[in-house]
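Have the sequence and the structure open as you read.

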Amino acid sequence: MVRIPSVTPAQAGPRSGTPGEARMAQWVTQQLQSLGAQVHHQQVLPGRQNVFGLFTGQSQKWLGVDIHMDTVGVEQMQGDPFDGRIENDRVYGRGSVDTKATLAVCLELLRNRAGKPLPHNLLIAATCDEEDAARGAPAMAHWLKDRNLTLDELAVAEPTLCAPIHGHKGVMRQKYRLHGVAAHSSRPELGKNTITAAAKLALAFDAENQRLAQLSPTPLGRGTVAVTTIHGGVGINVIPDSTEFTIDRRVVPGESASDLADQYLQLARHASPLPVDAENYLLIDAFYRPPQDDFIRRIADWSGQAPATVPYCTNAWAYTPATARQCLIIGPGSIDQAHGAVEWVEITQLQKLADLYARWWGLSS
Ligand SMILES: [Zn+2]
């Protein structure tokens, strides 16, 4: 799988091969079909799809795994990013730890079950676009709703060293554009200066961040907002008629990223003396499930690691109890090896996940 490039298109470059998940989707489809799955495809974006493999089990229970097929870019990588070499009991290459490893483990477990029937129904979901705007996971949630299918237990794959993760903040990113009037800098009163307007906006977001710091904390702490970039002006002697400005807002449980996007546009319009419009970049809600949930406790027991929360975002945000009654994030290897110049996963971690999944699926005790 590492040898099948699947760089998320927004991060494609000269070294990335054919960008997107299409070749992986084709390969996964063949694998799932040869293992006896009923395979469904969901078009999410042009040329980019989610692949669903359904296996019928002996109970009414539905288990599921969401594994994203795309990877981050490879331009910064040392050596051949797609060689998939095995060295020092590690598998190297882009996607090895983030997160083709879990897909490999799932396919091997299904291949090696030696005709043993599955105790429970199983959905293997290979999703797209996680590393860009995360549009694959909400599409899968829609697909589940359309079929009236609620998964009893869903594991979202990310490198967690096989610990169960039960929460992370969400994120809302917005870009504002301020519209002014250009003029000669000797006559500023004839222009409308978007940089001084943006300065007022920056202070308003700073005040908003201070307000958030006074709120009582949620199980994932407090929301934060930061001004992250500002671009404006065309010359030292011109009143700037356009300025762009981005913010990054971390979202906590109980908040809706899309409601926040609306509220923050209002805040920006209120604070700015000049017209403002906004573009949303990422709208991801927080993911939080109580660590006492039976599924989380079982996996914690088996892996010998306590449930934890993480600072980064995953596909888990898209699944509410309506689509996944219980949900956690788990995968082999460490996030420290993801997205870097060298990426690898330890084979002992793959073995550990295989043992955990075999117990979870009821293939071993
Ligand atoms: Zn990932």
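This is a predicted model: local features need pLDDT of at least 70, side-chain atom pairs count only at pLDDT 80 or more; totals for chains, interfaces and linings use all residues.

Two packed helices are described by the angle between their axes and the distance between the axes.

Which residues make the contact? On the α2 side they are Ala101, Thr102, Val105, Cys106 and Leu109. On the α7 side they are Leu350, Leu353, Ala354, Tyr357 and Ala358. By class, 9 of these residues are nonpolar and 1 is polar, with no charged residues. An α-helix has 3.6 residues a turn, so residues three or four places apart point the same way.

| Helix | Lies across | Angle to β16 |
|---|---|---|
| α2 | β5 and β16 | about 50° |
| α7 | β4, β5 and β16 | about 60° |

## The three-stranded sheet

This sheet is open and has 3 strands, in the order β4-β5-β16. The pairing is antiparallel. Strands β4 (86-87) and β16 (344-346) form the edges, and each pairs on one side only. Strand β5 covers residues 90-92 and is joined to β4 by 2 bridges. Ile86 has Val91 of β5 as its bridge partner.

## A helix with buried residues

Helix α3 runs over residues 136-146. Which of its residues are buried? They are Gly136, Ala137, Ala139, Met140, Ala141, Trp143 and Leu144. Their cover includes the strands β1 (38-45), β2 (48-55), β3 (62-68), β6 (121-127) and β7 (151-157). After α3 comes Asn148, with a positive phi near 60°.

## The four-stranded sheet

A further open sheet has 4 strands, in the order β10-β11-β9-β12. Its pairing is antiparallel too. The edge strands are β10 (224-232) and β12 (276-284), and each pairs on one side only. On average, neighbouring strands of this sheet are turned by 15° against each other, with direction ignored.

How many bridges pair β9 with β12? There are 8, in the antiparallel sense, and β9 covers residues 170-179. Arg177 stands opposite Asp277 of β12.

Conventions. Residues are numbered from 1 along each chain as its sequence is written. Side-chain values use heavy atoms; hydrogens and water are left out. Contact means heavy atoms within 4.5 Å. Ala, Val, Leu, Ile, Met, Phe, Trp, Tyr, Cys and Pro count as nonpolar, Asp, Glu, Lys and Arg as charged, and the others, Gly among them, as polar. Two strands pair if DSSP finds at least two bridges between them. Axes are lines fitted to C-alpha atoms, for helices over the stretch in contact, and angles run from 0 to 180 degrees between N-to-C directions. Buried means under 20% relative accessible area, exposed over 50%, partly exposed in between (1.4 Å probe, protein chains only).
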